[in-house]
Amino acid sequence: MALAYWWLPFLVAAIVVVLAVVVFVWEPKRKRGGVPIANSERLTKLPGYLKAIDRANAAAIVAAVVVIALIGVTTMASARWVYTKVETPEKYNRDIVLCLDVSGSMVDFDARVIDRYLEMLPGFEGERMSLVLWNSSAVPVFPLTDDYRFIEEQLTQVRDSMLTGVNSSYFNSGTLNNAGASLVGDGLASCVMQFEGASPSEGGQPVDDDRSRSVILATDNVVNGSQTVSLPQAAEFARQHFVNVYALDANDMGDAYAAEYRNVIESHDGQYFSLEDDGAIDTIVDDITSDQTNKIEGAPQLLVIDRPETWLWWMLILVPVYLVFARRLRI
């Protein structure tokens, strides 16, 4: 326990002392020389007068005590009575990249995919998440973070933009920098590169740092154009970097695109789900959270907790009491 503004009580005490000197020492001397009243002894010796004087003196003493207490309580409340403690938060070392195809063929499905992503959030605790949107090129909307409020805000904003068409640049900007559309292989590879050590520019061999890595890929696999990396190559790239791929297929036609999508994902140790599969979200969340990982300790954080409620309750009690005595004494 400590006072955030420890100097405030000393300052208030000094002010009170100065005011006391002015009121009780200097001011009474200036007011000497009042008007004497003749034969007032008979009045001041009356029992009723003496009782009135005693009541007034008692009320003045109580009022003075209340004022002193009120000043003390107000000072302590203003000085911020706080508790401090150091906490070291624990986090799961799991990273998840949400990887969403925003090509024209996915327009009718993207908002639903975002909703499925939002459904997953309550199932996670401490995992870091990222969102990457892609069409002919990929754009990270936000990097890996465990700020779930921020993640929810970003996902909601993207979904609302998709539903209303307002601020479409929010989810389209930067996703059409190359020729073609819905380049699945390039999109998946870009999502894999969001993990530390997976970017080719970092060089070296794939790093297994004991972190659980997952990509939740949503597309219909309707490729239009020439890809730098094919879907099988991207799936192999993910496997080499110890990334688990969970595929959500928006294509419910059961055609060759869906068959290829499923075959590639499952042949590279990934899991394939239809977007319409009601059990897909629970299965994905359970599978990711069941992946055995260790908790890691975050940076120590100093927590400063204000506890003003006791002082505020005393102020709430003392102020009306003072007002009652002030009215009685006509202060």
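How many disulfides does the structure hold? In this predicted model, the count comes to one. The bond in question joins C99 to C191, with the two sulfurs 2.0 Å apart. C99 sits in strand 4 (residues 94-101) and C191 in helix 7 (residues 184-192), so the link ties together parts of the chain that are 92 residues apart in sequence. Turning to the geometry of the bond, the torsion about the S-S bond of C99 and C191 is about 85°, so this disulfide is right-handed. As for its two ends, C99 has a relative accessible area of 0% and is buried. C191 is buried too, again with a relative accessible area of 0%.

The unreviewed UniProt entry carries the label "transmembrane region" for residues 6-26, 58-83 and 311-329. In the model, residues 58-83 are 81% helix and 12% strand, and the C-alpha atoms at the ends of that span are 39 Å apart. Residues 311-329, by contrast, come out as 100% helix and 0% strand, with 26 Å between the end C-alpha atoms.

Helix 3 (residues 47-78) packs against helix 11 (residues 309-329) at an angle of about 150°, and their axes lie 9 Å apart. Since angles over 145 degrees count as roughly antiparallel, that is how helix 3 runs relative to helix 11. Helix 3 passes helix 11 in a left-handed crossing. Sorted by class, the residues in this contact of helix 3 with helix 11 are 21 nonpolar, one polar and two charged.

Methods:
Residues are numbered from 1 along each chain as its sequence is written. This is a predicted model: local features need pLDDT of at least 70, side-chain atom pairs count only at pLDDT 80 or more; totals for chains, interfaces and linings use all residues. Side-chain values use heavy atoms; hydrogens and water are left out. Axes are lines fitted to C-alpha atoms, for helices over the stretch in contact, and angles run from 0 to 180 degrees between N-to-C directions. Helices (H or I, at least four residues) and strands (E, at least two) are DSSP runs, numbered from the N terminus. Angles under 35 degrees count as roughly parallel, over 145 as roughly antiparallel, 65 to 115 as roughly perpendicular and the rest as oblique. A crossing is left-handed if the near helix is turned anticlockwise from the far one by less than a right angle, and right-handed if clockwise. Ala, Val, Leu, Ile, Met, Phe, Trp, Tyr, Cys and Pro count as nonpolar, Asp, Glu, Lys and Arg as charged, and the others, Gly among them, as polar. UniProt positions are given in the numbering used here, feature names are shortened, and annotations may be inferred rather than shown by experiment. A disulfide is a pair of cysteine sulfur atoms within 2.5 Å. Buried means under 20% relative accessible area, exposed over 50%, partly exposed in between (1.4 Å probe, protein chains only).
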